[in-house]
Amino acid sequence: MTSTSTESKLSKNHYVITQGEPHIRLNAGHPDHERLLALVGACPAGLYRLDEDGSLHAEFHGCLECGACRLLGEGTVIASWRYPEAGCGVEFRFG
Ligand code: SF4
């Protein structure tokens, strides 16, 4: 039987990690807790996490480049957002 879970589908993708600056930079200490929670809930790859002390952490290896976090947080929680440099980032595999 073939697994159709989200994790299973995402695991088929290939990622090339950007060297140097990450393509998304955070204002991790931003005080708007609701907006931080929105990022955690909106990221389809589950890359945002809140620690018990309320601080935001993210690991962008696995970013799907969907832009949801940019729409929700650019200018507040998201300090900057850009696509990864050419040849880096996600390569979708639907097989
Ligand atoms: S661009 Fe999409 S997949 Fe990437 S970190 Fe933001 S919400 Fe998650």
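Guide: A definition comes first: helices (H or I, at least four residues) are DSSP runs, numbered from the N terminus. On that basis, Arg70 is placed in helix α3. The model is predicted.

Visitor: What pattern does the chain follow along the sequence?
Guide: The chain holds three helices and six strands. Its C-alpha trace spans about 45 × 30 × 20 Å along the principal axes. Read along the sequence, the pattern is α-β-β-α-β-β-α-β-β.

Visitor: What percentage of the residues of the chain count as buried?
Guide: Buried means under 20% relative accessible area. The chain has 95 residues, and the share that counts as buried is 27%.

Visitor: Is Arg70 buried, exposed or partly exposed?
Guide: Buried means under 20% and exposed over 50%, with partly exposed in between. Arg70 has a relative accessible area of 33%, so the class is partly exposed.

Visitor: How many Å apart in space are Arg70 and Ile24, C-alpha to C-alpha?
Guide: In sequence, Arg70 and Ile24 are 46 residues apart. In space, their C-alpha atoms are separated by 8.7 Å.

Visitor: Where does Asp32 lie, and how far in space is Asp32 from Val77?
Guide: Asp32 is in the loop between β2 (24-26) and α2 (33-42). Its relative accessibility is 27%, so Asp32 counts as partly exposed. Asp32 and Val77 are 45 residues apart in sequence, and their C-alpha to C-alpha distance is 7.8 Å.

Visitor: Which residues are the closest to the ligand?
Guide: The ligand sits in the largest cavity. Around the ligand there are 13 residues. By class, that shell has eleven nonpolar, one polar and one charged residues. The closest are Cys43, Cys63, Leu64, Cys66 and Cys69.

Visitor: How much space lies in the largest pocket?
Guide: Rolling a probe the size of a water molecule over the atoms shows where empty space is left. For the largest pocket, the space comes to about 230 Å³.

Visitor: Which residues lie nearest the centre of the largest pocket?
Guide: The lining of the largest pocket has nine nonpolar, six polar and two charged residues. Strands β1 (14-16) and β6 (89-91) each supply at least two residues of this lining. Of the 17 lining residues, those nearest the centre are Ile17, Thr18, His23, Phe60 and His61.

Visitor: How many aromatic pairs does the structure hold, and why is the pair of Tyr48 and Phe60 edge-to-face?
Guide: A pair of aromatic rings is described by the distance of the centres and the angle of the planes. The structure holds two aromatic pairs. In one of them, the rings of Tyr48 and Phe60 have centres 5.8 Å apart. Planes over 60 degrees apart count as edge-to-face, and here the angle is 75°.

Visitor: Which parts of the chain does this pair link?
Guide: Tyr48 and Phe60 are both buried. They are twelve residues apart, and the parts they link are distant. Tyr48 is in strand β3 (residues 48-50), and Phe60 is in the loop between β4 (56-58) and α3 (68-73).

Visitor: What is the angle between the ring planes of Trp81 and Tyr83?
Guide: The ring centres of Trp81 and Tyr83 are 4.9 Å apart. The pair is edge-to-face because the planes are at 80°.

How values were computed. Residues numbered from 1 in each chain as written. Predicted model: local features only at pLDDT ≥ 70, side-chain atom pairs only at ≥ 80, totals over all residues. Heavy atoms only, no water. Near = heavy atom within 4 Å. 1 Å grid on protein atoms, 1.4 Å probe; cavity = no way out; pocket = protein on both sides within 12 Å on 5 of 7 lines; lining within 4 Å. Sits in = over half its atoms within 2 Å of the grid points. Nonpolar A, V, L, I, M, F, W, Y, C, P; charged D, E, K, R; others polar. Points joined across faces, edges and corners; volume = space filled by probe spheres on them. Phe/Tyr/Trp six-rings, centres within 6.5 Å; stacked < 30°, edge-to-face > 60°. Buried < 20%, exposed > 50% of the residue type's maximum accessible area, 1.4 Å probe, protein only.
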